[in-house]
Amino acid sequence: MTAAATTPVVPADAKAIAEAARILLAGGLVAFPTETVYGLGADATNGTAVARLYAAKGRPSFNPLIAHVHDLPSAHRLAIFDAAAERLAAAFWPGPLTLVLRKSAACPVSELATAGLDSIAVRMPSHPVARDLLRMVGRPIVAPSANRSGRLSPTTAEHVLAELGGRIDLIIDGGPAQVGVESTIVALLDGPMLLRPGGLAREEIERVLGRELAPAPPGEVDPEAPLSPGMLASHYAPRARLRLNADSVEAGEALLAFGPKLARGAERAARVLNLSPSGDLVEAAANLFSDLRMLDAAGVASIAVMPIPNEGLGEAINDRLARGAAPRG
Ligand code: TXA
Ligand code: MG
């Protein structure tokens, strides 16, 4: 890889995007903003580039990647869209929704990126920088969250630098990611299934489909037959232990609060951050990873996390918190 000792971080102007496209087409790795979290991009059709990407993240290679596309015709080249897929794409793309579909026969995406599955995850992001980059590259770009495997997803260019500086070629800084949690992943293989709650609320998807999303199979996914290996138990983990649904703070703990009324003993907390003082779940999602990083940096052994309502984006927030709290493997 051509990455220098420390990776350049450049503001997201036309020159930077052209440079990023050039690097990607040459098989390099570029981190760029999307509306959900920052992604680490590689040319999806270049197996060597995809292998470098797995190495930079330290990611188990059975964990397949999302192919990002600029427009619907590009998506149609990768996957087979049934009526439900067309309906969801029309309603929510570009935006924070990933569809897992049957791979098309002519799909140009590297087998390594799809981990040899006969399905493929496809997403059309809405962030203008991601869209410009996809248009300039003219090929699908695989982009996992731009963090080391198993760590918190980055929502700023600074986070990316801390995770991957020196391991990748370029970081494009487009400011903080707006949504703050990863895309919602829906599989449309045998009936619609919610593989990962995320930046698009389940309720909105169910409204458009006119039916409920089946839940993903519980527990850890068999690595031999990955359905959504992002569901591996300990994922999105900070260093500190997370103590969930806390209504009080213990001595020495940091507090991750939600809503206007703080948990008992908040004055004891080593540090307090509030995901949303007004109790807004959209604002809370946008702050989640960044607040967890900041509390983690305070060096506490435990972070008390107040209860978050499990509706709308609260489902994605609670999913990430539960994984962050899971026993480490
Ligand atoms: O918001 C997002 O989706 C971000 C931004 C950068 O676009 N990307 C992201 O990628 O979160 P990543 O690699 O961190 O998560 C992708 C998830 C993984 O859990 C993976 O297992 C799942 O998608 N996945 C990919 N292909 C799949 C497939 N064919 N079947 C089931 N799950 C799949
Ligand atoms: Mg990730």
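In helix α5 (residues 128-137), the buried residues are V129, A130, L133, L134 and V137, where buried means under 20% relative accessible area, exposed over 50% and partly exposed in between, with a 1.4 Å probe and protein chains only. Viewed along the axis of α5, these buried residues fall within an arc of 130°, so they line one face of the helix; the arc is that of the directions from the helix axis to the C-beta atoms. Helices (H or I, at least four residues) and strands (E, at least two) are DSSP runs, numbered from the N terminus.

This is a predicted model, in which local features need pLDDT of at least 70 and side-chain atom pairs count only at pLDDT 80 or more, while totals for chains, interfaces and linings use all residues. Residues are numbered from 1 along each chain as its sequence is written, chains are lettered from A and ligands numbered from 1 in the order in which they are written, and side-chain values use heavy atoms, with hydrogens and water left out.

The cover over the buried residues of α5 includes α1 (14-25), β2 (30-33), β4 (66-68), β7 (141-142) and β8 (170-173). Just after α5, G138 adopts a positive phi of about 70°.

The chain is divided into domain 1 (9-231) and domain 2 (241-325), with bounds that come from an automatic or database domain assignment. To the contact (heavy atoms within 4.5 Å), domain 1 gives 24 residues and domain 2 gives 15 residues. The C-alpha centres of the two domains lie 27 Å apart.

Attention now turns to helix α8. A286 lies in this helix, which covers residues 281-297. Leaving aside neighbours within four places in sequence, A286 is in contact with Q178, V179 and G180. By contrast, 33 Å separates the C-alpha atoms of A286 and D118, which are 168 residues apart along the chain.

At 1.5 Å a residue, the 17 residues of α8 should span 24 Å, and the end C-alpha atoms are 24 Å apart, which agrees; the expected span is 1.5 Å times one less than the number of residues. Helix α8 also bends by about 45° at L288, the bend being the angle between axes fitted to the seven residues ending there and the seven starting there.

The buried residues of α8, among them L281, L288, F289 and R293, pack against α6 (157-164), β12 (241-243), β13 (254-257), β14 (272-274), β15 (302-305) and α9 (314-325). Just after α8, G299 takes a positive phi of about 80°.
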